[in-house]
Amino acid sequence: MITSILVVSGIGLVCGVALALGARYLSVEENPLIGTVTELLLGANCGACGYAGCGGYAQAIVAGEAPPNRCPSCTPEALAQISAALGIAPIEAAAREVALVLCRGDDEQAQKRFVYDGITDCAAAAAVGGGDKACRYGCLGYGTCLRACPAGAIEMVNGVARVHPELCISCRKCVAACPRGIIRMVPAASHTHIFCSSRDPGATVRKVCKVGCIGCRICTRLAEGAITMDGTLAVVDYKQPLDNEELPAKCPGKCILKV
Amino acid sequence: MKVSPAPFLFRGGIHPPDSKTATAALPLKDLPLPARLEVSTSQHLGAPAAPCVAVGDRVTAGQLIAKASGFISANVHAPAAGTIAAIREAPTPTGRTATAIIIETDADAPAGEPPYKPIPDWREQEPRSLLDRVAEAGIVGMGGAGFPTHVKLSPPGDKPIDTVILNGAECEPFLNSDNRLLIERAAQVLEGCQIIRHILGAATLCVAIEDNKREAAAALFAAMKATPGDNQIHILKTRYPQGSEKQQIYSVTGRTVPMGGLPMDVGCVVENVATAYAVWDAVVNGRPLTARAITVTGDAVNTPTNWFAPVGTSFADLVAASGGARDNLAKLIAGGPMMGFALPSLEVAMSKTSSGLLLFPRECVRPYRSMACINCGRCVEACPLGLMPNELSQAAEADDIDEAENRHVMDCFECGACAYVCPARRPLVQHMRRAKAVITQRRRAAAQQKKT
């Protein structure tokens, strides 16, 4: 009994001394600023800043390797606090961008070619005969982007993905995940968008979808340079102001919406 | 010559009902020339062929219309004389899209000379010249994968081949195209095998055939009497997937192809019946690969038929020639039911690898719900490779692709035995396919990065 107590206590003592010595002589100095900045960042570890996580980005900020406004989800207040903590002049927040699914061809508007009953994954569905959606540019609706989103900002509405802009943290994971490549980053300040990605000619689009761009070019005239044509698809140029209120009503393809 | 039951039997496998009776006794029929052929430039594994004709050109039967673009690629020839109507993107039976050359055929065109010089005295020829013929004739593995045959027949010098195996298993249910080819043209198929043996310098020719194909075995036996050299017939136990290369090598020779390896690593080359026939046709008759046997069957087609049809025939034309589809048609499959591809419509053209077209009625394709894995282990028992489909599919489902890769998902050849036995009806093969596609993509990206 007494031996056991002594042995265990002895082990405890030896280890304690070793740890104390280790803490004294092997410790690594870390700039306390890194901790402060990490606290102020969102903590989503989404990677949108280009670093492995919030910790890595904080390290880079403190080391002066990166400006503190690379985090797309950082609020202006947090940014101001970070600038204050670093002792630098307050830096302007970069314009916020949000993801946008450029398709509104849901189960009612767009046709399907066949019944798909495989696994719920857009890439897997696209590998089966090119996907069940009749439009080869349309949202397949099997939620690959939804599962990639770390912020829970994507919802499937009637078989089409929709991003809630207020929840989007601009990490671009959905952009990379979409096998159709129809998710685009747009300025959060813009509200008028063209919800179609089809590069098929108008006649083909009409056949398969009720809300597709038919390439009629009416919007390009109304938008005065803010909408350009990419082949048969109208594309919004977000660098130009687009404030024509008539656009949604004038689009015969019903794919221009103000949201 | 030696006839014997195959001495070994691979692990796992399944026994689906073979459903071959509807077409087993029907002789191959030549399909009347369709008015339009849609010849894809991607009927093989590897780089698509590059079209070498222009819209409006007149072509003769057997003329080269798309050139192989690289070593792993294959030539494509015009199946019939006619005019090039268009060159455009078209769906392939495997579910992708590729450039296709559309030919408006000319039924009155004279047959003409074969495009290549026949080599009836191939026994006296250098293997090299015969190999070139196989390459120029655009021959690919016609069992389904479409691997260019000239690549398979040029193993590196440190991998000598001693055994050529003719794969006559046709273990996929419903299909009879290989079976009929063997019954009706056994001598030609065997001569094709001899040519392959000559090219490879192999000593032994093994013909592997399942024990449910008595008639084909008898035809082979009769034809083989006249064949010189070390020839063997191995009767395989009927079990799916006996027709898979690695499983068949084990059944016939007892050799195990190493993980991630190729048959040539164990001194074997396995060739499909239709491929051997195409090799014979290319060498002895000088004709490129432009037509093949295809079984059109299933409960939703009026007259199930074994056709000998030109490549590029649209499935719609094939079905129309087979008496049309019934109203209750609900599912189309190009190839066999186990490894074939579901088709979105009949507006797809058959390729060099299309061994069958299956039309199933609504009763056969009840929708199902797949459930969570119940860990019963039947898929593990069924997997002919000894993989664990349960673990693999769960890893893929959880997006843990690294775990799937560590557990050798890349070795899976998608035979579907696991999904066939799964009581929870899990789409196991689709999970593997997805995992494999992601891994292939990653490896390609990594290779690209290394290059730049």
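A:Arg217 sits in the loop of chain A that runs between helix 8 (202-208) and helix 9 (218-222); helices here are DSSP runs of H or I with at least four residues, strands are E runs of at least two, and both are numbered from the N terminus. Though not a glycine, A:Arg217 has a positive phi of about 70°. With a relative accessible area of 43%, A:Arg217 is partly exposed, because that class lies between buried (under 20% relative accessible area) and exposed (over 50%), using a 1.4 Å probe and protein chains only.

Some housekeeping on where the values come from. This is a predicted model, where local features need pLDDT of at least 70 and side-chain atom pairs count only at pLDDT 80 or more, while totals for chains, interfaces and linings use all residues. Residues are numbered from 1 along each chain as its sequence is written, chains are lettered from A and ligands numbered from 1 in the order in which they are written, and side-chain values use heavy atoms, with hydrogens and water left out.

**The two chains**

Chain A carries ten helices and eight strands, and chain B has 13 helices and 18 strands. A compact globule of 259 residues would come out near 18 Å, but chain A has 26 Å. The C-alpha trace of chain A spans about 90 × 50 × 25 Å along its principal axes. Chain B tells another story: for 452 residues a compact globule would be near 22 Å, and the 21 Å of chain B agrees with that. Its C-alpha atoms fill a box of roughly 65 × 55 × 50 Å along the principal axes.

In chain A, 37% of the 259 residues count as buried; in chain B, 53% of the 452 residues do. Contact means heavy atoms within 4.5 Å. Of the chain A contacts with a separation of 6 or more, 56% come from residues 24 or more positions apart. In chain B, 74% of the contacts between residues at least 6 apart in sequence join residues at least 24 apart.

Surface and charge go in the table. Accessible areas come from the Shrake-Rupley method with a 1.4 Å probe, and for residues only the protein chains shown count as cover. Lys and Arg count as positive, Asp and Glu as negative, and His and the chain ends are not counted. Each charge is placed at NZ of Lys, CZ of Arg, CG of Asp or CD of Glu.

| Chain | Accessible surface | Carbon and sulfur share | Charged side chains | Distance between charge centres |
|---|---|---|---|---|
| Chain A | about 14,000 Å² | 58% | 24 positive, 22 negative | 9 Å |
| Chain B | about 19,100 Å² | 53% | 45 positive, 44 negative | 4 Å |

A:Cys168 is in none, as the nearest cysteine sulfur, that of A:Cys174, is 6.3 Å away. A:Cys168 is buried, at 11% relative accessible area. For A:Cys149, the closest cysteine sulfur belongs to A:Cys171 at 6.0 Å, so the pair is too far apart for a bond. A:Cys149 is buried as well, with a relative accessible area of 18%.

**Local spots in chain B**

B:Phe174 also has a positive phi, about 75°, without being a glycine. B:Phe174 belongs to the loop between strand 10 (163-168) and helix 4 (177-200), and it counts as buried at 17% relative accessibility.

There's a cis peptide bond too, from B:Tyr240 to B:Pro241, with omega near -5°. B:Pro241 falls in the loop between strand 12 (230-236) and helix 6 (245-253).

B:Ser4, in strand 1 (residues 2-5), counts as buried at 16% relative accessibility. Setting aside neighbours within four places in sequence, B:Ser4 touches B:Ile233, B:His234 and B:Ile235. B:Arg292, in strand 14 (residues 291-297), is buried at 1% relative accessibility. The C-alpha atoms of B:Arg292 and B:Asp30 are separated by 9.8 Å, with the two residues 262 apart along the chain.

Terms used: Rg over C-alpha atoms; globule rule 2.2 N^0.38 Å. Disulfide = S-S within 2.5 Å.
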